[in-house]
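Here are my notebook entries from an afternoon of looking things up in one structure.

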Amino acid sequence: MMVLLAAFIQDASPKASAPANSIPKIKTTRVWRDVELVRPVQLVARPDRADKAYVLEQAGRIIELDATDPSTGKGRVWLDIRESVNDRNNEEGLLSMAFHPNVAKNGEVYLFYTAEPPRREVLARFKLKADGIEIDPASREVLLEVADPAWNHNGGTVLFGPDGMLYLTLGDGGSGNDPWGNGQNLGVLLAKCLRIDVSKKEGNLAYAIPSDNPFVGREGARGEIWAYGLRNIWRMSFDRKTGELWGGDVGQNAYEEIDIIKKGGNYGWRPREGFHATNGVPDASESAEGFIEPIVEYPRKDGVSVTGGFVYRGSEFSDLQGVYLYADYAFGRIWGLRALDGKLVAPPKPLLQRQGNIASFGELNDGSLYICITRGGADGPGQILKIMQSTLAD
Ligand SMILES: [Ca+2]
Ligand SMILES: [Ca+2]
(Lines give C-alpha, C1' and ligand atoms only; values in the text may rest on other atoms or scores of the structure.)
(Ligands and ions follow the chains in the order given, each with its own letter.)
Protein backbone atom coordinates (compact mmCIF):
# COMPACT_ATOMS: atom_id res chain seq x y z
CA MET A 1 0.00 0.00 0.00
CA MET A 2 2.78 2.44 0.97
CA VAL A 3 4.63 1.65 -2.24
CA LEU A 4 1.56 2.33 -4.37
CA LEU A 5 0.95 5.61 -2.58
CA ALA A 6 4.54 6.77 -3.13
CA ALA A 7 4.32 5.90 -6.82
CA PHE A 8 1.11 7.87 -7.15
CA ILE A 9 2.65 10.95 -5.54
CA GLN A 10 5.66 10.76 -7.84
CA ASP A 11 3.48 10.58 -10.95
CA ALA A 12 1.40 13.51 -9.79
CA SER A 13 4.40 15.85 -9.38
CA PRO A 14 4.41 18.80 -11.77
CA LYS A 15 6.34 18.05 -14.96
CA ALA A 16 7.39 21.64 -15.52
CA SER A 17 9.72 21.99 -12.53
CA ALA A 18 13.42 21.22 -12.95
CA PRO A 19 14.90 18.03 -11.52
CA ALA A 20 16.01 18.51 -7.94
CA ASN A 21 19.69 18.00 -8.77
CA SER A 22 19.96 20.28 -11.80
CA ILE A 23 21.83 23.59 -11.93
CA PRO A 24 20.79 26.43 -14.23
CA LYS A 25 23.17 28.74 -16.07
CA ILE A 26 23.75 32.19 -14.63
CA LYS A 27 24.61 35.66 -15.84
CA THR A 28 25.60 38.83 -14.02
CA THR A 29 24.45 42.40 -14.19
CA ARG A 30 26.32 45.35 -12.76
CA VAL A 31 24.68 47.16 -9.84
CA TRP A 32 25.55 50.32 -7.92
CA ARG A 33 27.32 51.29 -11.11
CA ASP A 34 27.73 54.95 -10.16
CA VAL A 35 29.43 54.18 -6.85
CA GLU A 36 33.19 54.47 -7.09
CA LEU A 37 34.83 51.51 -5.36
CA VAL A 38 38.49 50.68 -4.85
CA ARG A 39 39.18 46.99 -4.23
CA PRO A 40 35.76 46.02 -2.80
CA VAL A 41 36.33 42.84 -0.79
CA GLN A 42 32.97 42.15 0.86
CA LEU A 43 29.31 43.08 0.49
CA VAL A 44 27.43 42.89 3.79
CA ALA A 45 23.72 43.06 4.56
CA ARG A 46 22.28 44.68 7.66
CA PRO A 47 19.83 42.23 9.24
CA ASP A 48 17.32 44.83 10.38
CA ARG A 49 17.47 47.15 7.34
CA ALA A 50 16.77 45.80 3.88
CA ASP A 51 17.21 49.31 2.45
CA LYS A 52 20.94 49.36 3.22
CA ALA A 53 24.00 47.36 2.24
CA TYR A 54 27.66 47.92 2.94
CA VAL A 55 30.76 47.29 0.91
CA LEU A 56 34.24 47.04 2.39
CA GLU A 57 37.18 48.55 0.57
CA GLN A 58 40.34 46.66 1.38
CA ALA A 59 42.27 49.79 2.37
CA GLY A 60 39.88 50.43 5.26
CA ARG A 61 36.82 52.32 4.08
CA ILE A 62 33.22 51.13 4.28
CA ILE A 63 30.72 52.47 1.78
CA GLU A 64 27.04 52.48 2.73
CA LEU A 65 24.86 51.63 -0.27
CA ASP A 66 21.23 52.42 -0.93
CA ALA A 67 19.81 48.92 -1.39
CA THR A 68 16.22 49.89 -2.18
CA ASP A 69 17.10 49.53 -5.87
CA PRO A 70 20.66 48.26 -6.46
CA SER A 71 20.39 48.99 -10.18
CA THR A 72 20.41 52.73 -9.45
CA GLY A 73 21.49 52.87 -5.80
CA LYS A 74 23.89 55.50 -4.52
CA GLY A 75 26.64 55.19 -1.91
CA ARG A 76 28.52 57.26 0.63
CA VAL A 77 31.52 56.75 2.90
CA TRP A 78 30.20 55.38 6.20
CA LEU A 79 33.47 54.60 8.01
CA ASP A 80 37.13 55.29 7.26
CA ILE A 81 39.68 53.43 9.40
CA ARG A 82 42.47 53.42 6.81
CA GLU A 83 44.86 54.83 9.41
CA SER A 84 44.58 51.75 11.62
CA VAL A 85 44.52 49.14 8.82
CA ASN A 86 47.60 47.68 7.17
CA ASP A 87 46.92 46.88 3.53
CA ARG A 88 50.44 46.90 2.12
CA ASN A 89 50.11 43.40 0.66
CA ASN A 90 47.48 41.64 -1.41
CA GLU A 91 45.98 39.61 1.44
CA GLU A 92 46.04 42.39 4.04
CA GLY A 93 43.53 45.07 4.85
CA LEU A 94 39.99 45.47 6.11
CA LEU A 95 38.80 41.95 5.36
CA SER A 96 35.35 41.41 6.86
CA MET A 97 32.42 42.90 8.76
CA ALA A 98 29.32 41.54 10.47
CA PHE A 99 26.36 43.23 12.06
CA HIS A 100 25.17 41.70 15.30
CA PRO A 101 21.85 39.87 14.65
CA ASN A 102 20.31 42.18 17.24
CA VAL A 103 21.95 45.36 15.90
CA ALA A 104 18.61 47.19 15.96
CA LYS A 105 18.74 47.01 19.78
CA ASN A 106 22.46 46.88 20.66
CA GLY A 107 24.00 48.81 17.74
CA GLU A 108 26.95 46.41 17.50
CA VAL A 109 29.15 46.04 14.41
CA TYR A 110 32.19 43.74 14.20
CA LEU A 111 35.21 44.35 11.98
CA PHE A 112 38.14 42.10 11.13
CA TYR A 113 41.34 43.64 9.75
CA THR A 114 45.10 43.37 9.67
CA ALA A 115 47.28 45.91 11.44
CA GLU A 116 50.92 46.63 12.27
CA PRO A 117 53.25 47.10 14.06
CA PRO A 118 53.42 44.46 15.34
CA ARG A 119 51.85 42.49 12.47
CA ARG A 120 48.55 41.10 13.74
CA GLU A 121 44.91 40.34 13.02
CA VAL A 122 42.32 42.37 14.88
CA LEU A 123 38.69 41.67 15.73
CA ALA A 124 37.03 44.86 16.95
CA ARG A 125 33.54 45.93 17.95
CA PHE A 126 32.13 49.29 17.00
CA LYS A 127 28.82 50.84 18.02
CA LEU A 128 26.23 52.72 16.05
CA LYS A 129 25.33 56.18 17.23
CA ALA A 130 21.94 56.89 18.82
CA ASP A 131 20.33 57.43 15.41
CA GLY A 132 20.96 53.76 14.62
CA ILE A 133 22.53 54.63 11.25
CA GLU A 134 25.89 56.33 11.71
CA ILE A 135 28.79 54.35 13.15
CA ASP A 136 30.86 55.90 15.93
CA PRO A 137 34.56 55.63 14.99
CA ALA A 138 35.55 56.36 18.60
CA SER A 139 33.57 53.40 19.93
CA ARG A 140 36.13 50.81 18.84
CA GLU A 141 36.74 48.04 21.36
CA VAL A 142 39.36 45.48 20.42
CA LEU A 143 38.10 41.99 21.31
CA LEU A 144 40.91 39.84 19.96
CA GLU A 145 44.38 40.40 18.55
CA VAL A 146 46.39 37.54 17.11
CA ALA A 147 50.08 37.95 16.31
CA ASP A 148 50.81 36.99 12.71
CA PRO A 149 54.21 35.83 11.44
CA ALA A 150 53.77 36.63 7.71
CA TRP A 151 51.88 38.94 5.37
CA ASN A 152 49.84 36.18 3.69
CA HIS A 153 47.08 33.76 4.86
CA ASN A 154 45.16 36.10 7.16
CA GLY A 155 41.73 34.51 6.85
CA GLY A 156 39.17 35.74 7.20
CA THR A 157 35.48 36.08 7.52
CA VAL A 158 33.60 37.24 10.60
CA LEU A 159 29.92 36.37 10.81
CA PHE A 160 27.17 35.35 13.19
CA GLY A 161 25.68 31.89 13.23
CA PRO A 162 22.02 30.97 13.65
CA ASP A 163 23.01 30.26 17.27
CA GLY A 164 23.90 33.94 17.85
CA MET A 165 27.60 33.15 18.25
CA LEU A 166 30.37 34.97 16.39
CA TYR A 167 32.43 32.83 14.00
CA LEU A 168 35.80 33.94 12.65
CA THR A 169 38.37 32.27 10.43
CA LEU A 170 42.10 32.79 10.81
CA GLY A 171 44.69 31.62 8.28
CA ASP A 172 47.71 29.51 9.19
CA GLY A 173 49.94 32.58 9.57
CA GLY A 174 51.43 32.44 6.12
CA SER A 175 54.71 31.79 4.33
CA GLY A 176 54.17 28.41 2.61
CA ASN A 177 53.39 24.88 3.79
CA ASP A 178 52.64 26.02 7.35
CA PRO A 179 56.26 26.08 8.62
CA TRP A 180 55.10 26.76 12.20
CA GLY A 181 52.78 23.77 12.30
CA ASN A 182 49.74 25.86 13.23
CA GLY A 183 47.19 23.76 11.32
CA GLN A 184 47.20 20.81 13.70
CA ASN A 185 48.16 22.75 16.86
CA LEU A 186 45.10 23.21 19.07
CA GLY A 187 47.13 25.52 21.32
CA VAL A 188 47.07 28.38 18.79
CA LEU A 189 44.25 30.25 17.07
CA LEU A 190 45.86 30.41 13.62
CA ALA A 191 44.54 27.99 10.96
CA LYS A 192 41.23 27.69 12.78
CA CYS A 193 37.57 28.55 12.69
CA LEU A 194 36.72 30.21 16.01
CA ARG A 195 33.39 30.49 17.81
CA ILE A 196 32.96 33.03 20.60
CA ASP A 197 30.16 34.61 22.61
CA VAL A 198 30.37 38.39 22.33
CA SER A 199 27.42 39.01 24.66
CA LYS A 200 29.58 38.41 27.76
CA LYS A 201 33.13 38.70 29.02
CA GLU A 202 34.99 35.92 30.78
CA GLY A 203 38.11 36.24 32.95
CA ASN A 204 40.53 38.56 31.17
CA LEU A 205 38.96 37.93 27.76
CA ALA A 206 36.81 40.60 26.09
CA TYR A 207 34.34 37.84 25.14
CA ALA A 208 33.22 34.49 26.53
CA ILE A 209 33.96 30.96 25.35
CA PRO A 210 30.73 29.00 24.78
CA SER A 211 30.68 26.00 27.11
CA ASP A 212 29.63 23.70 24.25
CA ASN A 213 32.69 24.51 22.12
CA PRO A 214 34.45 21.23 21.23
CA PHE A 215 37.80 21.73 22.96
CA VAL A 216 36.67 23.42 26.16
CA GLY A 217 38.49 21.79 29.07
CA ARG A 218 41.04 19.95 26.93
CA GLU A 219 44.52 20.58 28.28
CA GLY A 220 46.64 22.71 25.98
CA ALA A 221 43.76 23.54 23.64
CA ARG A 222 42.22 26.96 23.05
CA GLY A 223 38.54 26.94 23.92
CA GLU A 224 37.70 29.38 21.12
CA ILE A 225 38.38 26.74 18.45
CA TRP A 226 35.35 25.37 16.57
CA ALA A 227 37.25 23.56 13.79
CA TYR A 228 40.90 23.22 12.74
CA GLY A 229 43.33 22.05 10.09
CA LEU A 230 42.17 24.95 7.90
CA ARG A 231 44.91 26.55 5.82
CA ASN A 232 43.27 29.84 4.95
CA ILE A 233 39.52 30.18 4.79
CA TRP A 234 39.07 33.51 3.05
CA ARG A 235 35.29 33.35 2.74
CA MET A 236 32.63 31.34 4.55
CA SER A 237 28.86 31.56 4.97
CA PHE A 238 25.95 29.90 6.70
CA ASP A 239 23.23 28.30 4.60
CA ARG A 240 20.24 30.21 5.96
CA LYS A 241 17.96 27.19 5.44
CA THR A 242 20.05 24.30 6.79
CA GLY A 243 22.41 26.19 9.12
CA GLU A 244 25.42 24.47 7.52
CA LEU A 245 28.66 26.46 7.53
CA TRP A 246 30.39 26.46 4.12
CA GLY A 247 33.97 27.59 3.65
CA GLY A 248 36.42 27.84 0.79
CA ASP A 249 39.90 26.81 1.98
CA VAL A 250 42.65 28.26 -0.20
CA GLY A 251 45.24 25.66 -1.22
CA GLN A 252 49.03 25.63 -1.32
CA ASN A 253 50.39 24.33 -4.61
CA ALA A 254 47.89 21.84 -5.90
CA TYR A 255 44.22 21.93 -4.80
CA GLU A 256 41.55 24.42 -3.75
CA GLU A 257 38.74 23.03 -1.61
CA ILE A 258 35.22 23.63 -0.38
CA ASP A 259 34.41 22.39 3.13
CA ILE A 260 31.34 22.10 5.28
CA ILE A 261 32.68 23.11 8.66
CA LYS A 262 31.52 21.08 11.62
CA LYS A 263 32.05 21.28 15.35
CA GLY A 264 35.45 19.89 16.30
CA GLY A 265 36.30 18.93 12.71
CA ASN A 266 39.90 18.50 11.56
CA TYR A 267 40.11 19.55 7.90
CA GLY A 268 43.56 18.14 7.33
CA TRP A 269 46.01 20.99 6.79
CA ARG A 270 48.84 20.51 6.47
CA PRO A 271 49.03 16.70 6.19
CA ARG A 272 46.28 16.90 3.53
CA GLU A 273 45.49 19.30 0.68
CA GLY A 274 42.11 18.62 -0.88
CA PHE A 275 41.66 14.84 -1.17
CA HIS A 276 45.43 14.26 -1.29
CA ALA A 277 48.55 13.96 0.81
CA THR A 278 50.24 17.37 0.79
CA ASN A 279 53.13 17.31 -1.62
CA GLY A 280 56.61 17.49 -0.10
CA VAL A 281 55.93 18.01 3.61
CA PRO A 282 57.26 15.65 6.29
CA ASP A 283 53.88 15.00 7.91
CA ALA A 284 51.97 14.41 4.64
CA SER A 285 49.24 11.83 5.11
CA GLU A 286 48.12 9.44 2.37
CA SER A 287 45.26 8.41 4.64
CA ALA A 288 42.22 10.59 5.24
CA GLU A 289 41.50 8.85 8.53
CA GLY A 290 40.85 11.37 11.29
CA PHE A 291 40.39 14.20 8.80
CA ILE A 292 37.20 15.58 7.27
CA GLU A 293 37.56 15.58 3.51
CA PRO A 294 36.27 18.46 1.38
CA ILE A 295 32.94 18.44 -0.44
CA VAL A 296 34.86 19.21 -3.64
CA GLU A 297 38.31 20.26 -4.78
CA TYR A 298 39.74 21.70 -7.99
CA PRO A 299 43.27 21.53 -9.35
CA ARG A 300 45.61 24.25 -10.59
CA LYS A 301 44.34 24.05 -14.15
CA ASP A 302 40.97 25.41 -12.96
CA GLY A 303 42.19 28.10 -10.56
CA VAL A 304 44.61 29.10 -7.83
CA SER A 305 42.64 30.72 -5.00
CA VAL A 306 39.11 29.74 -4.01
CA THR A 307 36.51 32.30 -2.97
CA GLY A 308 33.81 30.56 -0.95
CA GLY A 309 30.28 31.70 -1.74
CA PHE A 310 26.70 31.10 -0.63
CA VAL A 311 23.89 28.63 -1.03
CA TYR A 312 21.24 30.52 -2.99
CA ARG A 313 18.03 30.83 -0.95
CA GLY A 314 16.37 33.74 -2.71
CA SER A 315 12.91 33.51 -4.22
CA GLU A 316 13.65 35.33 -7.48
CA PHE A 317 15.27 32.40 -9.34
CA SER A 318 13.55 29.16 -8.44
CA ASP A 319 15.93 26.80 -10.27
CA LEU A 320 18.91 28.25 -8.40
CA GLN A 321 17.33 27.33 -5.05
CA GLY A 322 19.78 25.28 -3.00
CA VAL A 323 22.73 25.73 -5.37
CA TYR A 324 26.04 26.54 -3.66
CA LEU A 325 27.93 29.10 -5.76
CA TYR A 326 31.67 29.65 -5.41
CA ALA A 327 34.50 31.05 -7.50
CA ASP A 328 38.17 31.19 -8.20
CA TYR A 329 39.52 34.63 -7.30
CA ALA A 330 42.26 34.71 -9.92
CA PHE A 331 40.67 32.89 -12.87
CA GLY A 332 37.30 34.66 -12.50
CA ARG A 333 35.38 31.38 -12.73
CA ILE A 334 32.13 30.60 -10.94
CA TRP A 335 30.81 27.10 -10.27
CA GLY A 336 27.59 25.78 -8.79
CA LEU A 337 27.01 22.52 -6.95
CA ARG A 338 24.36 20.90 -4.85
CA ALA A 339 24.82 18.99 -1.62
CA LEU A 340 22.39 17.37 0.78
CA ASP A 341 23.33 16.54 4.38
CA GLY A 342 26.97 17.17 3.57
CA LYS A 343 27.00 14.83 0.55
CA LEU A 344 27.44 16.01 -3.01
CA VAL A 345 24.29 15.42 -5.09
CA ALA A 346 25.13 17.54 -8.17
CA PRO A 347 28.85 17.88 -9.01
CA PRO A 348 30.37 21.30 -9.69
CA LYS A 349 29.17 22.82 -12.93
CA PRO A 350 31.18 25.66 -14.50
CA LEU A 351 28.73 28.53 -14.87
CA LEU A 352 30.63 31.65 -15.81
CA GLN A 353 34.05 33.09 -16.48
CA ARG A 354 34.76 36.80 -16.43
CA GLN A 355 37.49 39.44 -16.26
CA GLY A 356 38.75 40.70 -12.92
CA ASN A 357 39.27 39.02 -9.57
CA ILE A 358 36.23 37.65 -7.75
CA ALA A 359 37.08 38.71 -4.21
CA SER A 360 33.82 37.83 -2.53
CA PHE A 361 30.16 36.90 -2.77
CA GLY A 362 27.56 38.82 -0.82
CA GLU A 363 23.99 37.96 0.20
CA LEU A 364 21.29 40.54 0.91
CA ASN A 365 18.32 39.98 3.19
CA ASP A 366 16.09 38.76 0.35
CA GLY A 367 18.61 36.03 -0.50
CA SER A 368 19.84 37.76 -3.67
CA LEU A 369 23.53 37.12 -4.37
CA TYR A 370 26.26 39.44 -5.62
CA ILE A 371 29.97 39.28 -6.39
CA CYS A 372 32.65 41.86 -5.65
CA ILE A 373 35.18 42.33 -8.43
CA THR A 374 38.53 43.87 -7.62
CA ARG A 375 41.05 45.12 -10.15
CA GLY A 376 44.46 46.65 -9.86
CA GLY A 377 44.62 50.45 -9.94
CA ALA A 378 45.26 50.89 -13.64
CA ASP A 379 42.80 48.16 -14.66
CA GLY A 380 39.82 50.21 -13.58
CA PRO A 381 37.55 50.50 -10.58
CA GLY A 382 36.01 47.73 -8.54
CA GLN A 383 32.51 46.53 -9.34
CA ILE A 384 29.55 44.79 -7.75
CA LEU A 385 27.54 42.44 -9.93
CA LYS A 386 24.23 40.76 -9.20
CA ILE A 387 23.94 37.06 -10.00
CA MET A 388 20.92 36.17 -12.13
CA GLN A 389 19.60 32.91 -13.49
CA SER A 390 19.92 33.05 -17.27
CA THR A 391 18.23 29.83 -18.43
CA LEU A 392 15.98 27.13 -17.09
CA ALA A 393 17.82 24.23 -15.54
CA ASP A 394 18.60 21.52 -18.05
CA1 LIG B 1 49.55 36.05 7.85
CA1 LIG C 1 41.35 20.21 3.90
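**Entry 1: a pair of strands.** I began with S6 and S7, which pair in the antiparallel sense over 5 bridges. I checked one bridge by name: serine 96 has phenylalanine 112 in S7 as its partner. A reminder to myself: this is a predicted model.

**Entry 2: the sheet around them.** I then asked which strands make up the open sheet, and in what order. The order is S6-S7-S8-S9, 4 strands with antiparallel pairing. Strand S6 (94-99) and S9 have a single partner strand each, so they stand at the edges, and one side of each is left without a neighbour in the sheet. From one strand to the next, the twist averages 20 degrees.

**Entry 3: a residue in S9.** I picked proline 137, which sits in strand S9 (residues 135-147). Is proline 137 buried or exposed? I found 11 C-beta neighbours inside 10 Å, and exposed means 12 or fewer, so proline 137 counts as exposed. Setting aside neighbours within four places in sequence, I noted contacts from proline 137 to Leu79 and Ile81. I also looked up glycine 308, 171 residues away along the chain from proline 137; their C-alpha atoms are separated by 30 Å.

**Entry 4: the nonpolar core.** Next I turned to the largest nonpolar core, which has 102 residues; Met97 and Leu325 touch the most other members. Strand S7 (residues 108-115) gives this core its largest share, 6 residues. I listed what leucine 325 touches, not counting residues up to four places away in sequence, and among them are Phe310, Tyr312, Ile334, Phe361, Leu369 and Ile387.

**Entry 5: a covered strand.** How many residues of strand S15 (residues 245-249) are buried? I got 5 of its 5. Leu245, Gly247 and Asp249 point one way, Trp246 and Gly248 the other way, and all are buried.

**Entry 6: the partners of S15.** On one hand, S15 pairs with strand S14 (residues 233-238), antiparallel, over 5 bridges. There I saw serine 237 opposite tryptophan 246. The hairpin of S14 and S15 has 6 residues between the strands, and in it glycine 243 takes a positive phi near 80 degrees. S15 also pairs with strand S16 (residues 255-261), in the antiparallel sense and over 5 bridges. Here glycine 248 has isoleucine 258 in S16 as its bridge partner. The hairpin that joins S15 to S16 runs through 5 residues.

Technical notes: Residues numbered from 1 in each chain as written. Chains lettered and ligands numbered in written order. Predicted model: local features only at pLDDT ≥ 70, side-chain atom pairs only at ≥ 80, totals over all residues. Core = buried A, V, L, I, M, F, W, Y, C linked by C-beta atoms within 7 Å. Buried ≥ 20, exposed ≤ 12 C-beta atoms within 10 Å, placed from the backbone. Helix = DSSP H or I, 4+ residues; strand = E, 2+ residues; numbered from the N terminus. Contact = placed C-beta atoms within 7 Å. Pairing = 2+ DSSP bridges. Axes fitted to C-alpha atoms, helices over the stretch in contact; angles between N-to-C directions.
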